[in-house]
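Let's take a friendly walk through a protein complex, one part after another. Keep the picture open beside you while you read.

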Amino acid sequence: MVLGGLLGWYVFVRSQVRTTQANDSARGFGTAASFGSPAGSTYTNSAGSVPSTDIQSASGNPAPRLWKVTATPVAGAGFAASSTQLYFAERSSGNVLLADPSVSSVTRLTNTLFPKVYDALFASDGSVLLRSATDAGIVTTYAGTISTTTAEGPVPLAGTYLPQHIKAVSVRSPQQLFFLVATPTGGTAGVTANWKGASQKPVFASTLQQWRVWWLSDGRMYVAQQPSDGIMGYAFTLKGGALQSLVSAPGLSILPRTGSTALIYSSSAGGVNLFGQTSASTTPVRFTVRTLAEKCVWAPGKDLVAYCAVPQVLPTRAGYMEEWYRGATHTSDAWWKVDVSAGTAQSLFTPDSGTSFDVERPAIDGNGSYIAFMNAADKSLWMLRITP
Amino acid sequence: MKRLALAVVVIVCAVAPAYLPAQARAQFSIPGAESVLSISFSPQYPAPQSTVRLTLQSSLYDLGSSSVTWTVNGQEVAQGDAVTFIDVKTGSLGSKTEVQADITSAGGTAFATATVVPTSIDLLWESDSYVPPFYNGRALPSAGSRVHLVALTHFVRPDGGEIPANQIVFTWTRDSEVLGNLSGRGKSSITVDGPTLFGTETIVVEAASVDGSIAGQALLRIPDTEPRLMLYEDHPLFGVLYHQALGVTTFVPKNEMSFIAIPYFASAVSSGDTGLQYEWQVNQSSVTTNAAYSNEITVNAASSTGLMALINLSLTHVSNYFLSAAGSWSVTFNKSSAGSSGGDVFHQ
């Protein structure tokens, strides 16, 4: 009986070893396959060195017109109030840094670790929303404020976690939020709140969850469905809890403007078209340049001017927008200036042949001097001085 | 003869209330009088600032030999023999356009009137299929997923008041079948099963104010979408690199990498949904994964005799037999890369 037990155990262990060897072989860890080594997995390991932003001391010289602020991935950026200084958050650490193009410097402001930050939104005082996701896909949002910096260096980021499952959020400086939270029964509840998530006021409710939201500095609110190529999308002005139709189009993406009802929007249905209208009641004009509205940013001031990153090689195939969202395709963009009143577009900046960027999340400083943007291909951060 | 003609005039005096198809409404209830002279709309529910064609119809008069005069808001806009239709531009929401058609024929004279008040319905929808956090696009329905719909009505009375959804009766139809239990007063939102595999679902919502004076309709076709398997690097520091989907052939400047499969539009609550079954193969050999992270594998090439890993992945579901997706990626590693994490894709 003992011998039988031992034999059974031997058979069991041998079969398990075979299974393990087969798995290792497939992964490349075995010797049987033409590919692999018995090395361990890094699945639960962390890297030996942490790639981080190169801290640049002030050179005293202004940055070049096109400045690659950092090659390491960032989660988001936003200009400081009345300044060309740019706050940004590292994707790997959640640390907040400050770039100053006037002296070509990058300074680390905070040292509190928030790993794997997928999205960061800034208020003009440097307050930041750091958004991440758990392994189960639950979205978390930390609302942080930077305590007074000292000469000693970075300081902790103080703040609080907002409710989980925030599906969309918009920041209105200083420190006001409009966010949509998924409700347990499906749908979303939209509230305004302060930076701590308190003083919530309901402003929106929907049985749908896939929305984008805007809360502009003039107080106007917009919601728009998340777009899909060729599928009708709707955008609305949110007024007193009611939705007022703004625009609808297949593959709709919008860019509302603060201080006016002018609008830039794009439609993606077998090709991308960009439109502008000077007010809600005017007929939209189609620009000769073709790009997504989310690659544009309104210039401050009275004139209805925007800057748009336009793919230098036009993606004409159906489904480009969704492929772009999935990170399956990237473009090499050039900057154009579009005049919505005149319905015209003129080239602003074309990178040299050795430089390529696929613009996402552009932002502009309050004086209209610099555009900051992320390169969707690698999440690097760039700044472009608008005047040569 | 004169008496007869006068009687006909009275009988065919027709009023088509609101944007409903103009129907000849008889002033006296004589059977059959409703169809004597009527005005039909095309489209049936005109939108604001659009063109609607109004067509005169009669089962009694020979309109082809009748003289017809069309009047829009008191202004004569068309006149002549056999002018049986006109095109009218609608106004904004809540505007009212009064139309009258007068006919003179050998059988006598008659008129019909209609009132056009444009309406619109925005029919919004989304699916509950899986997309990863922070995905900017819409979730599309695949077999087994559900679809949420919302009808946003824009019904404005000529006096300027918008009719709220709770004062509107919604009738939902899916593929010509009325969804009785989902229809009713104030039922502007519904959730239905998504389209079947390779199918297209046609959803129609008809909405009418409680008093029936204003109505509209919207139609939607929702096609089935195949789930799309995408492969990304799951970076130990940066997380999933959703912005860098692996192409069919990819070179990675390191000798080890963790991959994560993302099943866009699959009927699942997460990419690690326990109902999803991932079957991995690397260079034709099956790989068993951690049950808790079955959509992830790590491949190491540090001491391999080859540099290329052919990764095949198929996705099925334990109970949803319609869910099926597959992908294949050829990944070439940089064997000379020092250490397991030394070669960082972001340091060029």
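**Chain A as a whole**

Chain A has two helices and 28 strands. It has 388 residues, and 45% of them are buried.

| Strand order (chain A) | Kind of sheet | Pairing |
|---|---|---|
| β2-β3-β4-β5 | open, four strands | antiparallel |
| β14-β15-β16-β17 | open, four strands | antiparallel |

Take the sheet β2-β3-β4-β5 of chain A, with its antiparallel pairing. Its edge strands are β2 (74-79) and β5 (105-108) of chain A, and each of them pairs on one side only. From one strand to the next, the twist averages 25°. For a closer look, find strand β4 (residues 96-100) of chain A, which pairs with β5(A) in the antiparallel sense over four bridges. Which residue of β5(A) stands opposite Leu98(A)? That residue is Thr107(A).

Now move along to the sheet β14-β15-β16-β17 of chain A, also listed above as open. Why is one side of β14 (211-215) and of β17 (242-250) in chain A left without a neighbour in the sheet? These two strands stand at the edges and each has a single partner strand, so one side of each has no neighbour there. Neighbouring strands of this sheet are turned by 20° against each other on average, with direction ignored. Here β14(A) and strand β15 (residues 221-225) of chain A pair in the antiparallel sense, over five bridges. If you look for Trp215(A), you will find its bridge partner, Met221(A), in β15(A).

The predictor gives the complex an ipTM of 0.86 and a pTM of 0.84. For chain B, the mean pLDDT is 85, and 86% of its residues reach 70 or more. Over residues 1-34 of chain B, however, the pLDDT is below 50, and this stretch has 72 contacts in the model beyond near neighbours in sequence. Residues 338-348 of chain B also stay under 50 in pLDDT, and the model has 23 contacts for them beyond four places in sequence. Where pLDDT is low, the predicted coordinates should not be read in detail.

Technical notes:
Residues are numbered from 1 along each chain as its sequence is written. Chains are lettered from A and ligands numbered from 1 in the order in which they are written. This is a predicted model: local features need pLDDT of at least 70, side-chain atom pairs count only at pLDDT 80 or more; totals for chains, interfaces and linings use all residues. Two strands pair if DSSP finds at least two bridges between them. Axes are lines fitted to C-alpha atoms, for helices over the stretch in contact, and angles run from 0 to 180 degrees between N-to-C directions. A residue is buried if 20 or more other C-beta atoms lie within 10 Å of its own, exposed if 12 or fewer, and partly exposed in between; C-beta atoms are placed from the backbone. pLDDT is the predictor's confidence in each residue, from 0 to 100. Two residues are in contact if their C-beta atoms, placed from the backbone, lie within 7 Å.
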